[in-house]
Amino acid sequence: MSQDTKTLLDWASQYLFQNYARTPLCLVRGEGARVWDTDGREYLDFVGGIAVDALGHSHPKIVGAIREQATTLLHVSNLYQIPSQIHLARLLCEHSFADRAFFCNSGAEANEAAIKLARKFAKETRASDCVEIVTMHGAFHGRTMGALSATPTEKYQHGFEPLLPGFKYVPFGDLRATERAVDNRTAAILVEPIQGEGGVNVAPDDYLPGLRRLCDATGALLIFDEVQTGMGRTGRLWAHQHWGIEPDVMTLAKALASGIPIGAMLAKEFCARVMIAGSHGSTFGGNPFATTVGVATFTTMLEDKLPERADRVGAYLIERLRAAGGRVPGIKDVRGKGLLVGIDLDRPAGPVVDACRDRGLLVLTAGDAILRMTPPLVIDEADVDEAVEVVEQVLVRSQS
Ligand SMILES: Cc1ncc(COP(=O)(O)O)c(C=O)c1O
């Protein structure tokens with residue numbers, strides 16, 4: 001399948017849907033936090049597959065699990081019990097607030113499942129018109145019609161109307177506005193503890209505890225979308241642990257199986273029980289392959305104490321970037337937790353991303369002026385020094 005870069009790029013423009021604004025770069029190999037392109041050029045990867053490659057590329061334990069499962073059993077369907085799915089559910093429940101897990105194939109699907117659970121639970125336990133889901137401006141919950149309806153940003157929704165009815169949008173971080181929006185028709189509040197795509201917006205201190213109190217008072221379910229923030233990314237296993245509260249439902253995907261497609265919905269028993277046999281499902285969801293890799297990912301993450309490492313190295317990254325902000329032009333603010341970091345720039349982030357890539361560093365944007373970093377959690381302080389130096393050089397040059 002190997003071809004020269006130019007031929008591949010020509011074929012990409014001829015044969016692929018043009019729905020992604022892709023960088024003209026073909027990455028073909030990775031190890032740890034380094035990746036290589038078709039021309040053999042090396043990059044320091046501070047994108048990590050957009051918060052997916054938490055264990056770094058080609059981690060021996062993941063490679064081993066994939067090899068072994070590939071020669072054993074890939075797929076059988078949910079007509080049968082799947083041992084690795086049971087093991088992964090048990091691991092996730094024993095290390096979270098949840099009692100039960102459901103598996104699907106992506107973050108959007110996990111949110112679809114959560115929206116369906118919230119509506120069914122509210123209809124069965126409260127009232128037949130209790131169907132509304134309150135979500136936040138700047139949120140990103142995925143591209144399927146339900147998840148898209150929960151994602152109130154024009155650029156994502158435009159052209160795909162009519163959206164699903166029953167969604168109400170309020171400003172992220174505004175507890176009072178949420179209190180005003182929630183009434184006896186509210187089935188759930190769906191929120192990211194830290195908005196990733198929306199610009200690395202960290203929930204203010206009393207916001208999530210306030211939403212918890214609001215849900216307790218009204219009976220609405222509190223759903224945390226931890227598709228991006230979960231699995232150690234923010235320096236805790238789950239981002240909501242920074243605020244000392246628990247949701248009723250949580251959605252996961254991204255880092256859960258190190259890049260093998262998977263999604264999960266975790267929930268407490270009191271609401272999970274409405275999803276009776278036949279109410280929801282997925283052909284591929286939780287198959288032996290994805291969940292075996294999920295078990296290997298989760299156990300390795302715990303053994304290697306990656307959340308703690310993300311906390312330590314992330315604090316160092318934020319400190320180094322803030323210090324850089326005092327020396328070079330362009331940095332207005334540095335925010336985030338652990339290794340989910342956003343640099344608020346005084347200029348468009350796209351050209352900065354391109355210039356970093358030219359100097360061997362992969363980073364991404366989150367909105368127009370936010371430079372985002374979601375590196376593998378295995379990076380060390382020397383990787384941080386290298387990355388910050390590149391960002392500094394780029395900002396100095398893009399000023400002149
Ligand atoms: C917070 C959040 N929720 C949901 C999604 C959608 O996940 P997927 O692209 O796997 O459908 C994303 C993807 O970026 C996300 O960041």
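Predicted model: local features only at pLDDT ≥ 70, side-chain atom pairs only at ≥ 80, totals over all residues.
The side chain of Gln 228 places an N or O atom 2.8 Å from an oxygen atom of the ligand. Lys 254 also reaches a ligand oxygen with its side chain, where an N or O atom lies at 3.2 Å. Phe 140 uses its backbone instead: an N or O atom there is 3.2 Å from a nitrogen atom of the ligand. As for surface, the ligand taken alone exposes 390 Å². The protein buries 81% of that area.

Next, turn to a pair of helices. Two packed helices are described by the angle between their axes and the distance between the axes. Helix 4 spans residues 83-94, and helix 11 spans residues 288-303. They pack at about 35°, and their axes are 8 Å apart. Their crossing is left-handed.

Which residues make this contact? Helix 4 supplies Ser 84, Gln 85, His 87, Leu 88, Leu 91 and Leu 92. From helix 11 come Pro 288, Thr 291, Thr 292, Gly 294, Val 295, Phe 298 and Thr 299. The contact counts seven polar and six nonpolar residues, with no charged ones.

Notes: Residues numbered from 1 in each chain as written. Heavy atoms only, no water. Axes fitted to C-alpha atoms, helices over the stretch in contact; angles between N-to-C directions. Helix = DSSP H or I, 4+ residues; strand = E, 2+ residues; numbered from the N terminus. Left-handed = near helix turned anticlockwise from the far one by under 90°. Contact = heavy atoms within 4.5 Å. Nonpolar A, V, L, I, M, F, W, Y, C, P; charged D, E, K, R; others polar. Polar contact = N/O pair within 3.5 Å; in protein donor to acceptor, adjacent residues only side chain to side chain. Areas by Shrake-Rupley, 256 points an atom, 1.4 Å probe, with all protein chains shown as cover.
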